[in-house]
Every structure is written in structure tokens, then in C-alpha cells.
Amino acid sequence: MTQQLMVSDNGRTKLAPFGSSSEVREMAKRLLPTIKVNLSKGESRFMSPTEAGMMAASCIAHGLDPFIGDIYPMEKDGKFSLIPGRGAWVKAANRALEKNGGGNFWFEERLLLDTDERMRLLIDAGAIAYEVKLYDTPTIRAYSEAVAAMSKAGAPWGEIKDALGARPCITALGVYSTSSSSAYSDKMWPPHERAKKRGRCACLKVKFNLPFDDYGEGADDLPDDYRAKPIKVDTVVDNALPDEYKPDPADIDADLKKRKAAQARDKAALFPE
């Protein structure tokens, strides 16, 4: 009975994606002397055999190369975790595209400088924030077919735009807080690139439902508050960002002076002369 439960319809065991015991052991043996666990302040330590086994199984299951940064181990508050690198997201997204008829994907990024917009999105003064949009071939192909069908049926563009949106995309925020920066991390990842990376990873996770845990936990030595925050989850149309934050007018008045004073500082930090 146990054997039947462990075998899928195609004859492969359900544990097959994680590799055989001998494969995991061999991979773990190679990881132990080469891959270290990232700790705080740029420190590191070697993995235990159990941790190396966990990482080996993950690498085999998802086809990730730990030696080029597809996945790396991290310890935060004494808890061991495996973090996918940007290469892992790209590989998983390409696999998802292959299953949907092929194609590619690309990003558009917009630096958020408007004080009112930053305030509505709860972006702290001094933080670097990007609105990141993800476009992909299968979605655009389906969008174009839908537009053509509605146009052929006699629907005017206004109705088509209301039903399908002006441009099909997924939108997310990528935020980097200068107050939480560290010299070690800044040498490895420029602040603007770190903000963009967070937004890109958030878009990929929303669009492709990638087989990893959290896209940003522990990454780049930043606190959870500054991980990428998805804005749009249940739609692929390029409409205005939703009004998720509607504070009391009295709160806005109390905070407006501080926010506007910070705008000049933001611009000076983002575009130094």
C-alpha cells in the first residue's frame, strides 16, 4: 500500500524530483566544503551535513546551480533557510513559459519620486522605490486575440479597454531603504539594482507561481518591511494603481510637511550632482 502511494501515474516515484539517496549524498558532499551559510554583517559558516542534504535535494528538485548563485543558504535569527537567487527566478519563469507555448518576458521600471504617490504607497522618506511591470509573450498573445475577437464583434476600443485594459502586465513595487543599508551589501548590490530586483522577483512570483518559498526573506541584509510588495495580484491589465491606502485627512495634514521636506532630500540622494 505504501509503495502504491509513493508511485505516480507515470511510474516515477513522487520523491524522484528530489533525487535518489545516493545523488543527494553525493551533491551534499560537494556542497559541504564549498558553500557557506550567509550570516549577518557579511559573516559566514560552513553547513552541517543535514543542511547540506536539504540544499542538495532542493538543487536537484529545481535544477538549480548553487555554485553560480541560483540558490544560497542563509541563517536569520538562528533559523536556517534556502534563498533562491535571481538566476533561479529566471530559470523557473522560462520553464513556465515553455509550458505555455514558448516566448519570453521583460520588465519596465519607473522610479517613484512623486511625494503624493509615495505617501499613498507607504514608502518611507529617503527610500528608493521602483514600480516594476512584467510583460510576457503568452499573455500579450492571448490579449491580442481577445482584442481582435471583440473588435470583430463590433466592440469599440473604449469598451475593449475597460474590459481588458490598455496593456497586459503584472505590476509590483521594489523598495530599498537607505536607512537600512550596509557597506557590505552595498558593495555587492547597488541600491537601485536591489530595489529593481525586489520588484522583478515579486512580479515573477505573482505571474508564474514559482516553486520557491519567499522571494525576499533575508535577502540583502534588509528587514522584512523593505521586501518587494506586490500591488496587483488578480489582474494583468495596466490600469492605475489601486487606492489601497486612504488615511484620514487629519493624518495627511499632520504628515504633509514632513513628506514634502523629504522630497528634496530624496531627489538629492537619488540624483546627486
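**Note on the predicted model**

1. V175 is buried, at 4% relative accessibility. This residue lies in strand β7, which covers residues 170-176.

2. Overall content. The chain holds 10 helices and 8 strands. Of its 273 residues, 39% are buried. Among contacts with a separation of 6 or more, 66% are between residues 24 or more positions apart.

3. Helices α4 and α9. Helix α4 spans residues 86-99 and helix α9 spans residues 191-208; their axes come within 11 Å and cross at roughly 30°. Angles under 35 degrees count as roughly parallel, and α4 and α9 are therefore roughly parallel to each other. The crossing of these two helices is left-handed.

4. Residues at the α4 and α9 contact. On the α4 side the residues are R86, W89, A93, A96 and L97. They meet E193, K197, R200, C201, L204, K205 and F208 of α9. One of these α9 residues, C201, is buried, with a relative accessible area of 7%, and comes up again under the cysteines.

5. Cysteines. How many disulfides does a search of the whole structure find? The search gives 0. For C169, the closest cysteine sulfur is that of C203, and at 8.1 Å the pair is too far apart for a bond; the cut-off for a disulfide is 2.5 Å between sulfur atoms. C201 is likewise in no disulfide, and its nearest cysteine sulfur, also that of C203, is 9.4 Å away.

6. Burial of the cysteines. Is C169 buried or exposed? C169 is buried, with a relative accessible area of 1%. C201 is buried as well, at 7%. The threshold applied to both is under 20% relative accessible area.

7. Hairpin of β3 and β4. Strand β3 (residues 71-76) pairs with strand β4 (residues 79-84) in the antiparallel sense, over 6 bridges. I71 stands opposite P84 of β4. The hairpin has 2 residues between the strands, and D77 takes a positive phi near 55° there.

Note on methods: Residues numbered from 1 in each chain as written. Predicted model: local features only at pLDDT ≥ 70, side-chain atom pairs only at ≥ 80, totals over all residues. Heavy atoms only, no water. Buried < 20%, exposed > 50% of the residue type's maximum accessible area, 1.4 Å probe, protein only. Helix = DSSP H or I, 4+ residues; strand = E, 2+ residues; numbered from the N terminus. Pairing = 2+ DSSP bridges. Axes fitted to C-alpha atoms, helices over the stretch in contact; angles between N-to-C directions. Parallel < 35°, antiparallel > 145°, perpendicular 65-115°, else oblique. Left-handed = near helix turned anticlockwise from the far one by under 90°. Contact = heavy atoms within 4.5 Å.
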